[in-house]
Amino acid sequence: MASQAAEEKGRFANRNLVSGKVQFLLHAFFALYSLACIMPIALIVAVSFSTEEDILRSGYKFFPENFSLDAYKFLFIDWFAIVRAYGVQLFVIVVGTVLSVLMMAMYAYPISRLDFPHRRFFSFFAIFTMLFNGGLIPWYIVYVNLLHLKDSIWALIMPFLAQAFWILVMRTFFQNSIPPAVLESARIDGAGEFTAFLRIAMPLSKPVLASVALFQTLLYWNDFFLPMVFIVSQEKMTVQYMMYKALQNIQFIAQNPTIAAEITRSGGQIKLPSETVRMAMGVMGIGPVVLAYPFFQRYFVKGLTIGAVKG
């Protein structure tokens with residue numbers, strides 16, 4: 001009987017094996033797919049180190065005809081403003097990511113507990129905010145007139161502190177990955193709910209916490225809408241908003257012949273490396289995110305797959 005079960009198990013395992021040709025095709029496909037993802041980034045980097053004349057004459061190329069740092073020199077004319085903007089951006093990312101992950105975990109943990117009597121109401125409340133919102137004008141009035149966050153760093157942090165989708169993902173992870181017996185034993189040993197949350201639930205939830213933290217980091221890093229709406233002072237601008245404004249100004253000057261004619265008539269010269277500057281801005285925009293991703297990669301796949309199971 002045991003040998004028959006082992007034989008059936010062996011046949012089942014062999015049925016799931018992938019042949020060498022199929023493995024080769026899969027590896028070739030994913031290698032080409034990875035190359036297709038990397039090539040645009042390599043092209044952006046190459047163009048950013050090209051001259052504007054080469055781009056206008058020959059188009060985009062993976063290998064610059066004439067190596068040039070003109071685009072980066074143009075960007076770093078006011079280097080102190082860029083460093084200050086990076087400081088603001090890093091502050092927003094670090095503080096916003098930590099607070100948002102903690103807040104969403106504290107919301108998701110109670111509604112994942114079957115013994116919490118109001119879990120259905122708070123789950124519905126989170127889902128309701130995914131489907132309906134008050135609109136842009138009431139949202140702006142609340143932050144400016146009620147919370148008085150106009151031209152404040154906290155205006156760049158607070159709107160993204162709670163994301164309903166990630167709350168539901170965390171809730172599902174807590175339900176499927178934290179055994180109720182572990183929490184019950186902690187309660188018997190005298191641990192309160194907050195102690196059980198910090199010392200048991202949070203350490204066991206590193207995969208989903210890291211996954212949510214990665215997406216929150218990307219959200220805070222790529223955002224330029226909130227600074228455009230709330231920020232007035234130059235010293236509180238983020239990198240993304242500063243690059244957005246610089247690109248808008250370059251495009252306005254380049255597409256307005258009257259301004260160029262007036263500058264030339266006054267005895268000056270105007271030489272704006274618009275294409276190469278655009279690519280240099282792209283390099284500055286993706287650099288920190290590419291460096292941050294490996295720190296979250298260890299937990300990324302596990303956190304999403306477990307948290308995405310229907311609970």
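This report walks through a predicted model, from its overall make-up to a few individual residues.

## Ground rules

Since the model is predicted, local features need pLDDT of at least 70 and side-chain atom pairs count only at pLDDT 80 or more, while totals for chains, interfaces and linings use all residues. Residues are numbered from 1 along each chain as its sequence is written, and side-chain values use heavy atoms, with hydrogens and water left out.

## The overall picture

Of the 311 residues, 34% are buried. For the burial words used below, buried is under 20% relative accessible area, exposed is over 50%, and partly exposed is in between (1.4 Å probe, protein chains only).

The accessible surface comes to about 19,400 Å², and 69% of that belongs to carbon and sulfur atoms. Those areas come from the Shrake-Rupley method with a 1.4 Å probe, and for residues only the protein chains shown count as cover. As for contacts (heavy atoms within 4.5 Å), take the ones between residues at least 6 apart in sequence: 74% of them join residues at least 24 apart.

## Two nonpolar cores

A nonpolar core here is a set of buried Ala, Val, Leu, Ile, Met, Phe, Trp, Tyr and Cys residues joined through side-chain atoms within 4.5 Å. The largest one has 24 residues, and those with the most contacts inside it are Ala105, Tyr109, Met170, Phe174, Val208, Leu209 and Val212. Helices H5 (79-112), H8 (164-177), H9 (180-188), H10 (193-204) and H11 (206-222) each supply at least two residues of this core. Another core, of 21 residues, lies apart from it and includes Leu149, Leu156, Val229 and Phe230.

Leaving out residues up to four places away in sequence, Phe174 touches Ala105, Ala108, Tyr109, Ser112, Ala201 and Ser205. Arg171 also lies in H8, and Arg171 counts as buried because its relative accessibility is 16%. Arg171 and Pro110 are 61 residues apart along the chain, yet their C-alpha atoms are separated by 8.4 Å.

H11 is mostly covered, with 12 of its 17 residues buried. Among them are Pro207, Gln216, Thr217, Tyr220 and Trp221. From first C-alpha to last, H11 reaches 24 Å, close to the 24 Å expected at 1.5 Å a residue; the expected span is 1.5 Å times one less than the number of residues.

H10 passes that check too: its 12 residues should span 16 Å, and its end C-alpha atoms are 15 Å apart, which agrees. Its buried residues are Ala196, Phe197, Ile200, Ala201 and Met202, and they pack against H5, H8, H9 and H11. Leu198 and Met106 are 92 residues apart in sequence and 9.6 Å apart in space, C-alpha to C-alpha.

## The largest pocket

About 850 Å³ of space lies in the largest pocket. On a 1 Å grid over the protein atoms alone, a pocket is an open set of points where a 1.4 Å probe fits, with protein on both sides within 12 Å along at least five of seven lines; lining residues have an atom within 4 Å of a point. Points are joined across faces, edges and corners, and the volume is the space filled by probe spheres set on them.

The lining has 27 residues, of which Thr129, Asn133, Trp139, Pro159 and Ala162 lie nearest the centre. H5, H6 (119-131), H7 (136-146), H8 and H12 (225-230) each supply at least two lining residues, and the largest share, 5 residues, comes from H6.

Most residues other than glycine have a negative phi. His148 has a positive phi near 55 degrees, and Asp151 has one of about 60 degrees. His148 lies in the loop between H7 and H8, and Asp151 is found in the loop between H7 and H8 too. His148 is exposed at 61% relative accessible area, whereas Asp151 is buried at 18%.

Gln234 sits in the loop between H12 and H13 (239-254) and is partly exposed at 44%. Gln234 and Asp151 are 83 residues apart in sequence and 9.9 Å apart in space, C-alpha to C-alpha. Not counting residues up to four places away in sequence, Gln234 touches Arg84 and Lys245.

Definitions and conventions
Helix = DSSP H or I, 4+ residues; strand = E, 2+ residues; numbered from the N terminus.
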